[in-house]
Structures are given as structure tokens and as C-alpha cells.
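Here are my notes on this model, point by point. Please read them with the structure open.

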Amino acid sequence: MPRLRAISGHRVVLLLWLVLFLFLMIVLSFPQWVTFFYPLPHREYVFNYANQFGVDPYLVFAIIRAESEFKTQAQSARGARGLMQIMPETARWISEQMNRTDFEEEELDNPQVNIEMGCWYIADLIQEFGGRLPLAVAAYNAGRGNVRKWLVEGIWDGRKETVDDIPFAETKRYVKVVLTDYEIYRTIYSSQGYR
């Protein structure tokens, strides 16, 4: 019986050392392992167009992650297309604002075009809502008209702390996810000098 206890005790000690080793490996390899869940696909386009239009690229990555999970051919049931899930009618309006006369709907499946339009659009929303990211992110999902209405009618004041006041459940979840992912992206990559 004492010998069994000694063997069990050795196993417990061995298991504790193994757990400690794994914990240290995870801590010491941070943020490398977490980048698997928060990748930077199409980074050349994202950084280029985000910088061109004055948007934080990590916000763009958070939007892409929430919208399409980085699937270039993603298409929603409502017809939104591409990485940033842009509706064709919104894309036509964006192309007019960008003075593009040759836009074709199929281009929304092209990562470069989709990211360029998406970056321009989120920059436009950020400007419209005075730099208030929760409002711009909500407008990206629910439309600027709905967000303006919520502000005018006092339904939501546009603050991150009051996101639960957003009347659309999908938009409420979306804003929370995008803003959280944005902070995670900034935490992971800002320290590594990505810009």
C-alpha cells in the first residue's frame, strides 16, 4: 500500500510539472498561438487602404472577421458579398462616391476591391458619426439611417457602455463582437510593430 501511494504521488508530481510546462509554453509563445484565431489575411490590402482612408487596420480586420470569417466568396442570405460583406447597392453608391465608373457587382468577390470599398465605407461612417466607433460599427451593420434614428429618438446614445440599448439583437451582438475583436487585434499586433 505505501508503494502504491508513492507511485501515485510521483504521477501527481509529474502531472503538475507537465501542466506547469504547458502553461509556460503558452505564456511564453503569446501572442504567436493566438494569431491562429486572429489572423491577418490580405494584410497588404488592409494596411494599404486603411492607411489611405485613415482607418485603423485592426478595426478592418475585426470587421472582416465578424462579417465573413475571412472567406473571400462569402455571400449572405440578403446578398452582401465578399470579405467585408458589402451589399451590391451600397457598393454602387460607394463606387459613385469614389468616382469609379466601371464597377461590376462581381468585383465584390475580389479581396482588393472589397477591402478598398469597405475601408472607404467605414471611414465615411466614422467621419459621419464624429469618430465614435460604436456608432460607426453599428451603422456598418444596421445602416446609417437606423443609427441616426436611434440617436434622434434617444433609443441609444452611441456609447460602448450602453450597447445593450441597441434595439436590433443582431446589431447589438455585432457591435460587441467587433469592438472586442478590435481590442484583441490591437493588443496582439500593436506590440509587434505591425502598421
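This is a predicted model: local features need pLDDT of at least 70, side-chain atom pairs count only at pLDDT 80 or more; totals for chains, interfaces and linings use all residues.

**Notes on local contacts**

1. D157 and T162 are joined by a side-chain polar contact of 2.4 Å. A polar contact here is a pair of N or O atoms within 3.5 Å; within protein, one must be able to donate a hydrogen and the other to accept it, and residues adjacent in sequence count only if both atoms are side-chain atoms.

2. Residues are numbered from 1 along each chain as its sequence is written, and side-chain values use heavy atoms, with hydrogens and water left out.

3. Where does D157 sit? D157 is placed in the loop between α7 (144-152) and α8 (169-190). Helices are DSSP runs of H or I, at least four residues, numbered from the N terminus. D157 is partly exposed because its relative accessibility is 34%. The classes are buried under 20% relative accessible area, exposed over 50% and partly exposed in between, with a 1.4 Å probe and protein chains only. Not counting residues up to four places away in sequence, D157 touches R132, L151 and T162; contact means heavy atoms within 4.5 Å. V147 is 10 residues from D157 in sequence, with 9.7 Å between the C-alpha atoms.

4. R144 belongs to helix α7. Is R144 buried or exposed? R144 counts as buried, because its relative accessibility is 16%. Its side chain makes a polar contact of 2.8 Å with the side chain of D124. Beyond four places in sequence, the contacts of R144 include W93, Y121, E128 and F129.

5. How do α6 and α7 pack? Helix α6 covers residues 133-142; its axis lies 7 Å from that of α7, at an angle of about 130°. Axes are lines fitted to C-alpha atoms, for helices over the stretch in contact, and angles run from 0 to 180 degrees between N-to-C directions. The two helices are therefore oblique to each other. Angles under 35 degrees count as roughly parallel, over 145 as roughly antiparallel, 65 to 115 as roughly perpendicular and the rest as oblique. From α6, L135, A138, A139 and A142 take part; from α7, R144, N146, V147, W150 and L151 meet them.

6. N141 also lies in α6. N141 is buried because its relative accessible area is 19%. The side chains of N141 and E170 make a polar contact of 3.3 Å. N141 also touches T171 and Y174.

7. E116 is in helix α5 (residues 111-128). E116 counts as buried, because its relative accessibility is 16%. Its contacts beyond four places in sequence are Y49, F53, M98 and R100. N48 is 68 residues from E116 along the chain, yet their C-alpha atoms are 8.7 Å apart.

8. Now the rings. The count comes to 11 aromatic pairs. Rings of Phe, Tyr and Trp (its six-membered ring) pair if their centres lie within 6.5 Å; planes under 30 degrees apart count as stacked, over 60 as edge-to-face and the rest as tilted. F61 and Y185 are stacked, at 5.7 Å centre to centre and 25° between the planes. This pair links helix α3 (residues 57-68) to helix α8 across 124 residues. Both F61 and Y185 are buried. Ring pairs also join Y38, F47, Y58, F61, Y185 and Y189 into a cluster.
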